[in-house]
Amino acid sequence: MPVPVPGTPSLLRAINDRAALEALLARGPLTRPQISDLTGLSKPTASQLLARLEQAGLVVRDGVREGLPGRTAELYRINGAAAHVAGADVTPARIRVSVADLAGTVVAEHTLPTPGRTGVDVVARMAAALDGAAAAAGLTRDRLDRAVVGIQGAVDPATGRLGYAPHIPGWHIPDLVDTLSDGLGVRVAIENDVNLAALAERAGGRAEGAADFVLLWVADGVGMAVVLNGTPHRGATGGAGEIGYMPAVGAPLMRDVRRTHTGGVHSVTGGAAVLKLMREHGFRGRDAATALARAAADVQTAGGAPPRTRAPARNAPSPSSPPGSAPPSPRSWPSSTPRSSSSPATSCAPGANRSAHASNSTCTASRSRAPPCGSAPSRATPSWPGPSSRRSGRPATRSSPPPSPDPPSARTPAPHHAVPHPLRRTGVPTTTTRRLAAVTAAAGLALAAGCTAGGDRSGQGPASGEKQTIEVWHGWSAPHEVKAFQDAVAGFNKAHPNITVKLVNGQTDDRITNAIRGGSPPDVVSSFTTDSVGQWCQSGAWQNLSPFIAKSGLDLNQFPRAVRSYTEYKGIRCAMPLLADAYGLYYNKKLMKGERPPKTMGELTALAKKLTVRASDGTIKVAGFMPSVQYYEHQVQHLAPQFGVTWLTAGGRANFSGDPAFQAYLKWNKSLIDWYGYDNVKKFLRSMGQEFESSNPFQKGRTAMAVDGEWRTKFIQEEAPGLDYGTAPVPVSDDRASAYGGGFITGTVIGIPRGARHAPAAWEFVRYLTTDTGALVTFANALGNVPSTIPALSSPKLTLPPQFRTFLDVFKNPNSSSTPPTPNGNDYVVRFEKFTQEEWEPGKVGDLGRALKKLDGEVDDSLKLAGG
């Protein structure tokens, strides 16, 4: 435990002196009696400390206070000239420096243009900028006690390098802070610009006194600062809370971090996108700020409140500074900029924003306080359960889109939104408010889930025959899984003794994305989902493997057609399959009572009704087959393909209203749900056990038949070894009897990330692991998954249970299929599942054709924004 510091006289004097200085800084000139009252010190002690501070040059006398009874009192104030600090705002176009004295008064400013993008000496540039500002203040650089640099990026505490800021050349050097401090002769601190804004808000803004809050910075792009227990939370790489590069539903992945509006959250919530969205919903303005201000005023009026005074459009506050401009003074932001917990839609009193733009420093204080701005009603971010992404060897639960990582973003600083915790959510139930909610909800989808960026060294690296070490990231984490991966890799080590393989287990897509974006990825990465293949291939986050495939003469026909389809997008093959998942029908032989497994949906429906057992009140005790999409793996992408659906048109557009097979699937789904009774279905679903525990209803005999993946055989073997069951392909619609035997296929994918330093050797590893029969069989036996090549399916070394044969047959069946990749991942599947669960199954849809046409439009609009 810490050793208490003795209360020595010198320590006590220092504490008293500090208290007096803080009182003078906060309140301005004070008399001795006032300092005594504010600090709790006796008047003699206050007189002694003022004498010490005056002798040290930290305070000076500032006249007398007259007009009060008694003796005339001398005033003391902070001696601003006792110390000076510099605050630097760094952007790609310039370095703007403000010098402030000890009292917080800005005494000089200087801007150094920084054109050019190569051959930059960052120390020389900072020296020139500081020298210019110091000279304007009548000082020299060595008179500066400290310099704080606000920059659009984040310093990685582990490496000392500035990350996520390729648009600012010259700053990506090792030990950046120490290099600058030594080279300039001034103590330097570097902080993310939005984190600095958050500290300013806590010091004297809407977050004053709040220990935990989030500040949302909305401008040309969007950024975030997270403050926990009064301290900015920076994360492992220094960029926690920065959300601009996160992937967004309806937006492509950002292909070039230097062009922040080409993808991700920036492209959906930035000024241009917000203005376009506002105009589409009837709110006009020459820029986003004008439209948002008018929308906020309309909300206030519609809600019964008096209309908020608004400046003419030409004076409306702008949410984005012009390129190269400095952010406003932090101490003036709290009262002069709009705030909302979720949307930048606000309105300010005339002129309220002017003082914010009058200051050019990110680090100094301004005591002017403009009239406060009001915030627009906020809304909760919409979410819904989406189809689960099945992880080969590691079943995943159904979930909303995953949260994303903490990438810092490149943006132009501008007004922001401080959100004290907890968030307050209010709203006005009017048509105008609903229109505005539609706008903010659409923008809020951008906060759903990791984009990729970083330098590109595709295909580069030493020849595969040279001695080297490659790093491989995978997601398996359980001890038996990790061992299985190691065993599968053992053969590669023997075949390539010159290549040392460093395996890193338990990695997630978020971590992989962060590494790629930060420019320091491993050499090989794998993912448990195929949903993002379209994004990875289109953005280049995963390298195009076609050149490697062609050079090595690899025959892709050893993979089934469906597998080849989910590892490429528009001719770009950026992934290879590594084990697969196939879906089939599980049936309980005891409950089947001698019945054969059905082959068509008509047979399945009839048998489901025959095998269902009800209680006296009609509730379901045993379900013959539960058709609801809310039953574990009975999701739309697992059952709809058995009706022959074509998800997308030849042009890549949604096909829900154009393909009659979707209506056939939905009508079958609803007819069986109606036979059970929707309320009974809901009760049964609520009573089910956990999918991946021994309480699973199929393993407990509560369902006679269920669609599931091949991994269920492993679960049954371990959790219900006495269960007598069989497996068969999933039935098909009655008009497609000849297609029986196929099913839905997905699986783990593996590839080489952009920026990999040993790409040739990485390809040799990927090729071995995805095509070597021995490696695939070793892996499949250990994890209970389907080996992903046709030759491996017939290996005599496969030691899986007899029921597993069904899934091997489904995997190689030409009628099996997968969901096609898009730049939006599986957004179209998520939307269809949401429609089925929330509207169709409860019976809320009147005209099915019209509803599906509307769904097509929503998916197509999202795909267009994503570049699909």
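Select helix 21, residues 660–676. This helix has 17 residues and reaches 25 Å from its first C-alpha to its last, close to the 24 Å expected at 1.5 Å a residue. Keep in mind that the model is predicted.

Stay on helix 21 and colour by burial. Its buried residues are A661, F662, Y665, L666, W668, N669, K670, L672, I673 and Y676. An α-helix has 3.6 residues a turn, so residues three or four places apart point the same way. Now step off the end. G677 follows helix 21, and its phi is positive, near 95°.

**Aromatic cluster**

Show the rings of F625, F643, W647, F656, F662, Y665, W668, Y828 and F832. Ring pairs link these residues into a cluster. F662, Y665 and W668 are among the buried residues of helix 21.

**Ring pairs elsewhere**

How many aromatic pairs does a search of the whole structure find? The search finds 28. Select F492 and F765. Their ring centres are 5.2 Å apart and their planes stand at 80°, so this pair is edge-to-face. F492 belongs to helix 13 (residues 479–495) and F765 to helix 24 (residues 759–771), so the pair ties together parts that are 273 residues apart in sequence. Both F492 and F765 are buried.

Are they buried or exposed? Y631 has a relative accessibility of 2%, so it counts as buried. Y632, at 12%, counts as buried too.

**Charges over rings**

Select R614 and W675. The charged end of R614 sits over the ring of W675, 4.6 Å from the ring's centre. Then move to R712 and F715. Here R712 lies over the face of F715, at 5.0 Å from the ring centre.

**Last stop: T114**

Select T114. Where does this residue lie? T114 is in the loop between strand 6 (106–113) and helix 4 (122–136). Its relative accessible area is 4%; because buried means under 20%, T114 is buried.

Show the side chain of T114. It reaches the backbone nitrogen of R94 at 3.0 Å. Leaving aside neighbours within four places in sequence, T114 is in contact with T91, P92, A93, R94, I95 and R125.

Terms used. Residues numbered from 1 in each chain as written. Predicted model: local features only at pLDDT ≥ 70, side-chain atom pairs only at ≥ 80, totals over all residues. Heavy atoms only, no water. Helix = DSSP H or I, 4+ residues; strand = E, 2+ residues; numbered from the N terminus. Buried < 20%, exposed > 50% of the residue type's maximum accessible area, 1.4 Å probe, protein only. Polar contact = N/O pair within 3.5 Å; in protein donor to acceptor, adjacent residues only side chain to side chain. Contact = heavy atoms within 4.5 Å. Expected span 1.5 Å × (residues − 1). Phe/Tyr/Trp six-rings, centres within 6.5 Å; stacked < 30°, edge-to-face > 60°. Lys NZ or Arg CZ within 6 Å of the ring centre and 35° of its normal.
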